[in-house]
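This report is meant for a reader who has not seen the structure before. The sequence and the structure come next, followed by a description in running text.

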Amino acid sequence: MGKKNFKMGMGFLALLSALMFMLVTTTSARASSEPKLKVGILHIGSIADAGYNQAHAEGAQIMKKNLPGVEVIGVENVPEGADAERVMENMIKQGAKLIIPASFGYLDPALRVSKKYPDIKFVHPGGYKRAPNLGTYWASTPEAFYLMGIAAGKTTKTNKMGYVVALPISFFLANINAFQIGARSVNPSVETRVVFTGTFLDPGKEATAANALLDQGVDVLGVIVDSPITVVQTAEKRNAYSVGYHYLGVQKFAPKGWISGIAFTWGELYTRFAKQVMDGTWKSENLLGNLSSDYLTIAPFGPAVSADAAKLVNAKKQEFISGKSQVFQGPIKDNKGVERLKAGEVWPMENLGKMDFLIEGVIGQAR
Amino acid sequence: MIERTSGVFRLRNRRLPGMVRWFGLVGLAFLIFAIVLIIIGKNPIRAYINIFSSTLGSAYGLSEIVVKMIPLILTAIAVALPSRIWLINVGGEGQLHIGALFATGGALHFSYLPAWILMPLIFVLGFLGGGLWAMISGILRARGWASETISTLLMNYVAILLVNFFVFGPWKDPESANYPQTAEFVGAAILPALGGTRVHFGLVFAIVSLIIYYLLLSYTRWGLEMRAIGNNSEAAQRNGIPIARYIILLMFIGGGIAGLAGMSEVSAIQGRLRPGISPGYGFTGFLISWMSGGNPLGMVASAFLLAIIISGGDILQMAHGLPGSAVHILMSLILFVVLGRSGGRRSAK
């Protein structure tokens, strides 16, 4: 390498670093009023996905509105790999005292960062591990999927329903199974076909899967991917019914064929977390909500749902809340004919993470 | 990179000093991005101050830059080395993934071995994985069956799908609620890191690879022969230089180095294999190699710059409410400016 080049390069570097130093020192002099609490929230995708991420982002915004003086630092499109830890560290450097790493795959990075900062609180959605300063929260969804099954099973005309699902992970299998059980409870001849796309967001694959299901005669489409828009829009375009997920505002993408949907409304829960952190009463727990929680919401019914079906759904909802009914009540056979639950047995909800089969009446492969 | 140059590194015999041009081009990209920021109503000076102060203004920020630079430098060398004999390796991403896959295989199946055997084993497996994967393209090219540009590019997707196959299937951790990821590596399979930071032993791989790369090309008979192939392959062949062997070998070594990037990511950063281990390091590495014309110092400087942009990009969101895609605009601007440079130079000839 030429010596002259090297010298000039070093000169530039020196100049650049001098400039940088000046800039850095000027910024640190800038004072601003400190907020009461800074909350950092990481999103795996776009916060305008009308789905998983938007639900979390709006939750954080509602928290901010509920609690004057609380500031939200949101970062979207954070990969679950090496970057998540750095983003969390930077949020802490910016003064965040509560971190919401809002994706399943952030659990390991969050646990690592939480070990380094015992004074910072973390709340992780759906995590299966905890730490003294990292709590987890989620809502049990099978009951809600059961209710969707009732509404859809009453509405379908072809008795074929379809689900476009990201991955065959246990919780999603449980949701599909619950949907089918609910549908069968009102319509014994109904079946549910499942297509796994293999990823949480791929509109191209989702559209292909939705169209393939519709081509097979399916007239109700449900969806478990991060952004439900593609699937419900495809259903709407082809005059099929749709069941939404994740976000309360999905209905407007399929007003005609809308049946109902399951939405996470995190605002009040996040408000409670923030309050607890501010007054020092927060503690690490494994919070699992249900249909009576204010963060698991059944979306309004669409025009296609009969008053009769709506009544059935509401009655069953009360039964779930009071504990009178269970979703996974034996006898239950899987779709290969093997008996998984004997008559009278109940699959415990804390074992949802171990469900590795699809039940009778669901067409699809559990792995 | 594609053009034939008279020196080992094209930045050498140019009237305008290479580094000045490098800074000029990068500055231009930053300037254009500043205009974009002004258009959407943000203060570009404050945005840049935040980017640089968050990354260079603290020991932690700097350490994270180094963490980012490790895979970027390794994947850049994976591109730069074969490019010495006009081979275009666009497969760094796939080679990284297969390196990670092989290393994970070792970490999972030989977890009972002590660290002093397990660690070198994982290292070798990571190198072999990336190397063999790239060598497939090398053989196809050497035989004249398929362009390495196309085959390496397409094999990226195959590699990522292969990784998915293993983490969704045989290697899925039963303890993780059926979530697609392998079990955590045992302590003996975790690369050591520098006290308290995430700067890991992969840094040594990157530095040693860079030094070997430089020495190999500048001072060895191989380097001389590669220069001969690069300058005039026909003449080189007539003089008895085994071109086919060089193609296969350079693809193997290049791919192996990218494989080390994958190996160190799973072993030091992730501690397990899962989908999405690389946010496009292989492609960014290609950009870096291209920006610097394969010059070792240039690659370090370019990796440094891109690491700042990637790491500092979070700040654009945190402090300025910019969408997450803003930083991609800046990165693609740099790519455009650099592409524009080589396009302009070609037509000037």
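## Domains, interface and a helix pair

Chain A is divided into domain 1 (37–139 + 266–289) and domain 2 (142–263 + 297–363), with bounds that come from an automatic or database domain assignment. This is a predicted model, in which local features need pLDDT of at least 70 and side-chain atom pairs count only at pLDDT 80 or more, while totals for chains, interfaces and linings use all residues. Residues are numbered from 1 along each chain as its sequence is written, and chains are lettered from A and ligands numbered from 1 in the order in which they are written.

The C-alpha centres of the two domains of chain A lie 28 Å apart. Nine residues of domain 1 of chain A are in contact with 12 residues of domain 2 of chain A; two residues are in contact if their C-beta atoms, placed from the backbone, lie within 7 Å.

In its secondary structure, chain A has 10 helices and 15 strands. Helices (H or I, at least four residues) and strands (E, at least two) are DSSP runs, numbered from the N terminus. The C-alpha trace of chain A spans about 80 × 55 × 40 Å along its principal axes. Among contacts in chain A between residues at least 6 apart in sequence, 66% join residues at least 24 apart.

Chain A also touches chain B: 36 residues of chain A are in contact with 35 residues of chain B. Two or more residues on the chain A side come from each of α1 (3–28), β2 (70–75), α3 (82–93) and α6 (170–186) of chain A. The largest share, nine residues, comes from α1(A).

The table gives the classes of residues on two contact sides. Ala, Val, Leu, Ile, Met, Phe, Trp, Tyr, Cys and Pro count as nonpolar, Asp, Glu, Lys and Arg as charged, and the others, Gly among them, as polar.

| Contact side | Residues by class |
|---|---|
| Side of chain A that touches chain B | 17 nonpolar, 12 polar and seven charged residues |
| Side of domain 1 of chain A that touches domain 2 of chain A | four nonpolar, four polar and one charged residues |

In chain B, the axes of helix α4 (residues 92–109) and helix α6 (residues 148–168) come within 7 Å and cross at roughly 25°. That makes α4(B) roughly parallel to α6(B), a term for angles under 35 degrees. Residues that meet here include His97(B) and Leu101(B) in α4(B), and Ala159(B) and Phe166(B) in α6(B).

Technical notes
Axes fitted to C-alpha atoms, helices over the stretch in contact; angles between N-to-C directions. Parallel < 35°, antiparallel > 145°, perpendicular 65-115°, else oblique.
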